[in-house]
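Visitor: Please show me the sequence and the structure, so that we may go through them together.
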Amino acid sequence: MSGRKRTLLKVIILGDSGVGKTSLMNQYVNKKFSNQYKATIGADFLTKEVQVDDRLVTMQLWDTAGQERFQSLGVAFYRGADCCVLVYDVNVNKTFDNLDNWREEFLIQASPSDPENFPFVVLGNKVDVDGGNSRVVSEKKAKAWSASKGNIPYFETSAKEDYNVDAAFQIIAKNALKNETEEEIYLPDTIDVNAQRPQKSSGCEC
Amino acid sequence: MNEHSITATEEQEKWLADAQNVVKQQSFYMRKALDSSNLREALKYSAQMLVELRTSKLSPQKYYELYMQTFDELRHLEAFFQEESKRGRSNADLYELVQHAGNILPRLYLLITVGSVYIRSKEAPAKDILKDLVEMSRGVQHPIRGLFLRSYLSQISKDKLPDTGSDYEGEGGTIHDAVEFVLQNFTEMNKLWVRMQHQGSAKDKADREKREKERSELRDLVGKNLLVLSQLEGVDLELYKSTVLPRVLEQVVNCKDEIAQGYLMDCIIQVFPDEYHLQTLETLLAACPQLQPKVDIKSTMAGLMERLANYAAANSQVLSVFAEVEAFEKLSTAVATVVEAQVDMPLVSAVSLHVALLNFVLRCHADRLDYVDSVLGSCVKMLAGQGKIREAKSVKAIVALLSEPLAQYGDVVTVLQLGHYGQLMATLEFETNKVMAVLVIQSILKNGTRIGDCARVEALFQLLQELIRDGEDAPPVDQLDQEDFAEEQNLVARLLHVLVNDDPEEQFKILSAARKQFGLGGPRRLVFTLPPLVVESLKLVRRLQARGEVEEGGVTPKKVFQFLHQTVEALANVPAPELAFRLYLLCAEAASDCDLEPIAYEFFTQAFILYEEDIADSKAQVTALQLMTGTLQRTVVFGTENRDTLTHKATGYSAKLLKKPDQCRAVYNCSHLFWQDQEKGTRDGERVLLCLKRALRIANAAQQQANATRGSGGPVTLFVEILNKYLYHFDKGNQQVTTTVLQGLLELISTEVNSESAVQDPATEAFYASTLKHISFQKQKGGEAGDRYEAIKVQ
């Protein structure tokens with residue numbers, strides 16, 4: 001394959017609507033936070049250059065719509081992910097309960113070559129809310145779940161207070177890089193590529 | 001059909017796989033060219049790779065997969081352009097160079113890719129390049145291809161817009177250029193998306209369904225532009241209000257496409273912040289009635305209201321803003337306008353809109369009962385002339401409108417202040433109305449609510465009409481499920497006990513109001529509803545009695561007794577003679593306690609008349625006489641004349657019962673009528689003895705009758721019972737009951753017990769033995785009782 005070093009890491013951020021996926025990403029990439037809730041439509045990424053050990057890599061962070069009705073084109077972008085971040089809101093039980101579904105769904109749709117060891121990271125966000133008085137999912141419970149799913153690293157974060165966000169994404173980058181498998185080496189069947197061209201459809205000329 | 005669809009799926013898979021293979025192949029050569037820094041080759045292979053995106057065969061989701069694959073590959077190309085640029089190659093040259101690609105679609109993808117690097121280099125103002133790219137993209141008019149191409153432009157340019165505070169602001173342009181660019185891209189994308197609807201046959205159902213499915217899959221590409229707008233730093237409230245929202249709404253309204261309108265309205269509501277919505281409610285809501293009739297505007301508006309309610313719930317300090325911008329008033333007006341404008345709107349949607357509005361009020365302004373009532377009123381107004389609502393979903397929505405305030409306030413008194421509540425309830429057909437009425441009562445009972453205001457009570461009865469009387473809509477009572485009917489009526493009966501006020505005047509008003517309502521219920525209901533009314537009235541009598549003097553015109557026991565008389569009479573007319581009989585006696589006793597002789601006498605008279613005329617069953621007669629005797633025994637109000645009349649009647653009827661044993665027992669019970677413990681009570685030993693002797697005679701006759709018919713005398717139970725009555729009166733000090741009389745009776749029983757014809761009965765024997773033991777015990781006790789019992793011999 002080419003001598004070009006592969007330095008692009010694809011990270012998918014999943015979780016229920018309103019848990020703070022976009023906020024976490026914005027805090028990490030742009031160092032910005034807004035209290036305003038804006039739904040995400042479809043999937044979109046931001047990139048961030050990050051130093052992992054002594055390598056400089058580009059992280060492509062895919063933010064996704066938590067609301068199903070804003071995910072009309074499906075999840076083709078899961079493919080080729082190097083790490084999947086599962087986010088829940090420590091103040092809302094349901095968002096934690098749904099982590100299972102998000103994880104399953106990801107493994108089915110992304111179909112990584114080694115699902116057992118595919119790197120996930122779990123983030124329990126919004127630990128700042130009401131000074132932690134309104135939290136309903138304990139750290140212990142979340143850690144137990146993460147451990148039971150193949151020792152997934154777990155972080156408690158606050159996008160609002162910028163608490164633990166960098167630390168979490170550092171691990172995300174590190175684990176994504178570890179996952180870097182040999183890219184499928186493509187060898188063309190024949191040297192003469194033009195001879196292999198399939199018939200083009202008879203569409204319009206645009 | 002199924003087989004066909006499997007084939008179609010497989011076909012899609014195959015087409016996608018083919019295209020992906022070509023992309024792999026071409027990108028392989030592209031990367032090779034990139035590695036050797038061969039720009040021309042790289043461009044050639046990348047263009048050949050991008051040609052695959054010209055396919056018309058793939059469904060949007062499959063096309064998206066192919067797009068994602070090429071998208072990833074183009075990042076390598078972009079990185080190369082970046083390096084080239086760093087190495088000193090002019091971006092303007094590159095921008096020219098890629099335009100040599102033969103096909104327009106690959107050409108534009110390449111152009112946008114270079115454009116990205118070009119903007120970043122700042123060699124030309126961002127706004128100019130963006131403008132050029134968005135204009136050039138017009139060249140692709142095929143909807144799916146065009147949408148993905150513009151989506152690529154949107155994605156690539158997102159972080160390079162001359163947004164406020166961005167690197168590209170200034171020479172690159174201003175926020176206005178950024179907004180203009182996104183709006184233009186949005187408008188063009190929406191047009192492409194809407195145009196799809198008009199391709200192909202409108203009549204062919206399968207064709208239309210397929211097209212609508214495809215459109216639905218593509219919608220996020222269009223909606224994402226709105227997300228980009230909402231993420232721009234420079235789009236502050238001012239700009240949003242003056243430019244962004246009006247322009248977006250203009251496109252939404254003018255496209256006249258129901259799929260686009262419904263979706264985009266939802267997007268606007270979801271991607272822009274609550275603060276903005278609050279400050280632009282009028283504009284946003286004004287668009288709603290202008291949408292196509294088939295747009296599900298209910299969900300859109302409900303979505304908005306839910307969002308705002310969530311916002312208020314999470315930030316109580318913004319409630320003042322809600323008031324300031326008159327959020328409720330605007331939403332309320334909008335609901336009414338939309339319902340009016342969309343004549344074809346299904347009823348359920350119209351009612352659901354009110355449910356959404358109500359939930360908004362309950363969450364944001366729970367203290368504003370006037371708001372709650374105005375929502376109900378608006379719904380009533382809308383339903384006017386529709387008659388009873390029977391369509392299941394609408395009914396459910398109306399029930400929700402009625403149940404929410406109950407649940408919220410947990411207090412019917414509050415709900416009763418809602419003037420339109422009853423009117424709304426009246427739109428429900430019989431069965432549902434009843435269910436709702438039951439809910440109301442259950443809420444009252446569960447929450448221990450006390451309703452002590454006559455006006456409220458009347459309002460409450462208004463709500464409970466279907467339970468209280470036969471409505472026009474209701475089936476005849478005898479066709480109802482009797483078990484349910486009884487259960488419901490018992491609930492109404494229980495309700496009466498919470499309609500209390502400490503002020504007797506108000507209490508009497510309440511009872512009179514209840515009486516009036518219950519009176520409409522017909523005989524089947526009266527038997528359930530009137531008894532508690534009588535009981536409550538008697539409670540009132542007791543309170544009045546304790547109160548003593550009253551002012552002129554105030555309620556008096558007499559008044560209440562008149563009320564009671566008329567109430568019990570109604571029960572008697574049902575007819576429910578046994579029930580009325582009991583209640584007459586209760587009233588009689590209460591009147592006696594109040595020292596109202598004529599009234600007490602009247603009640604007794606009525607009871608006797610009922611006995612004579614309507615209580616024919618011999619068992620019922622036995623019970624009735626027991627009650628009569630008991631009550632009369634406790635009554636001390638009567639003068640000799642009245643008393644004699646009544647006791648005479650009672651003893652007379654006792655002796656006329658059908659069965660001898662019943663006669664006997666009734667008669668010995670009558671002995672109590674002549675010996676009252678009370679201070680003013682009658683004590684007529686002679687007549688006591690007469691009763692007892694008469695009972696004894698009847699017992700004898702009973703035994704003879706048994707002998708004659710069955711050949712055995714039967715147990716001596718009656719004799720033992722009579723003996724006990726004698727002992728009772730003996731203990732009471734009745735001089736007529738002498739030890740001689742007792743001795744005689746004891747011997748009689750002893751003979752009977754030992755006679756051959758006696759029937760063994762363990763219970764009677766035990767009773768007898770206990771009686772004898774009692775006598776012995778009294779003898780041994782000594783003192784006064786011992787002396788009295790001294791003379792009695794027990795074997």
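Visitor: Between which elements of chain A is Asp130(A) found?
Guide: This is a predicted model, in which local features need pLDDT of at least 70, side-chain atom pairs count only at pLDDT 80 or more, and totals for chains, interfaces and linings use all residues. Residues are numbered from 1 along each chain as its sequence is written, chains are lettered from A and ligands numbered from 1 in the order in which they are written, and side-chain values use heavy atoms, leaving out hydrogens and water. Helices (H or I, at least four residues) and strands (E, at least two) are DSSP runs, numbered from the N terminus. On these terms, Asp130(A) is in the loop between strand 5 (120-125) and helix 4 (139-148) of chain A.

Visitor: What is the phi of Asp130(A)?
Guide: Most residues other than glycine have a negative phi. Asp130(A) is not a glycine, yet its phi is positive, at about 55°.

Visitor: Is the peptide bond from Val574(B) to Pro575(B) cis or trans?
Guide: Most peptide bonds are trans. Pro575(B) lies in the loop between helix 28 (557-572) and helix 29 (577-593) of chain B. With omega near 0°, the bond from Val574(B) to Pro575(B) is cis.

Visitor: What pattern does chain A follow along its sequence?
Guide: Chain A has six helices and six strands. Of its 206 residues, 49% count as buried. Read along the sequence, the pattern is β-α-β-β-β-α-α-β-α-β-α-α.

Visitor: Is Thr157(A) buried or exposed?
Guide: Thr157(A) lies in the loop between strand 6 (154-156) and helix 5 (165-179) of chain A. Contact means heavy atoms within 4.5 Å; not counting residues up to four places away in sequence, Thr157(A) touches a set that includes Leu24(A), Leu123(A), Tyr163(A) and Ala168(A). Because its relative accessible area is 0%, Thr157(A) is buried.

Visitor: How far apart are the centres of the positive and negative side chains of chain B?
Guide: Lys and Arg count as positive and Asp and Glu as negative, with His and the chain ends not counted. Each charge is placed at NZ of Lys, CZ of Arg, CG of Asp or CD of Glu. For the 88 positive and 108 negative side chains of chain B, the centres of the two sets lie apart by 3 Å.

Visitor: How many disulfides does the whole structure have, over all chains?
Guide: A disulfide is a pair of cysteine sulfur atoms within 2.5 Å. A search over all chains finds zero.

Visitor: Which cysteine sulfur is the nearest to that of Cys267(B)?
Guide: Cys267(B) is buried because its relative accessible area is 0%. It is in no disulfide, and the nearest cysteine sulfur, 12 Å away, is that of Cys255(B).

Visitor: How far from Cys664(B) is the nearest cysteine sulfur?
Guide: Cys664(B) counts as buried, at 0% relative accessibility. It is in no disulfide, and the sulfur of Cys670(B), the nearest, lies at a distance of 11 Å.

Visitor: By what distance are the C-alpha atoms of Gln663(B) and Met196(B) separated?
Guide: Gln663(B) lies in helix 33 (residues 660-670) of chain B and is buried, with a relative accessible area of 10%. Leaving aside residues up to four places away in sequence, its contacts include Ser654(B), Leu658(B) and Ile698(B). Met196(B) is 467 residues from Gln663(B) along the chain, and their C-alpha atoms are separated by 98 Å.

Visitor: What separates the C-alpha atoms of Tyr168(B) and Arg525(B)?
Guide: Tyr168(B) has its place in the loop between helix 7 (143-157) and helix 8 (175-196) of chain B, and is buried with a relative accessible area of 10%. Among its contacts, neighbours within four places aside, are Ile119(B), Arg120(B) and Pro162(B). Arg525(B) and Tyr168(B) are 357 residues apart along the chain, and the separation of their C-alpha atoms is 82 Å.

Note on methods
Buried means under 20% relative accessible area, exposed over 50%, partly exposed in between (1.4 Å probe, protein chains only).
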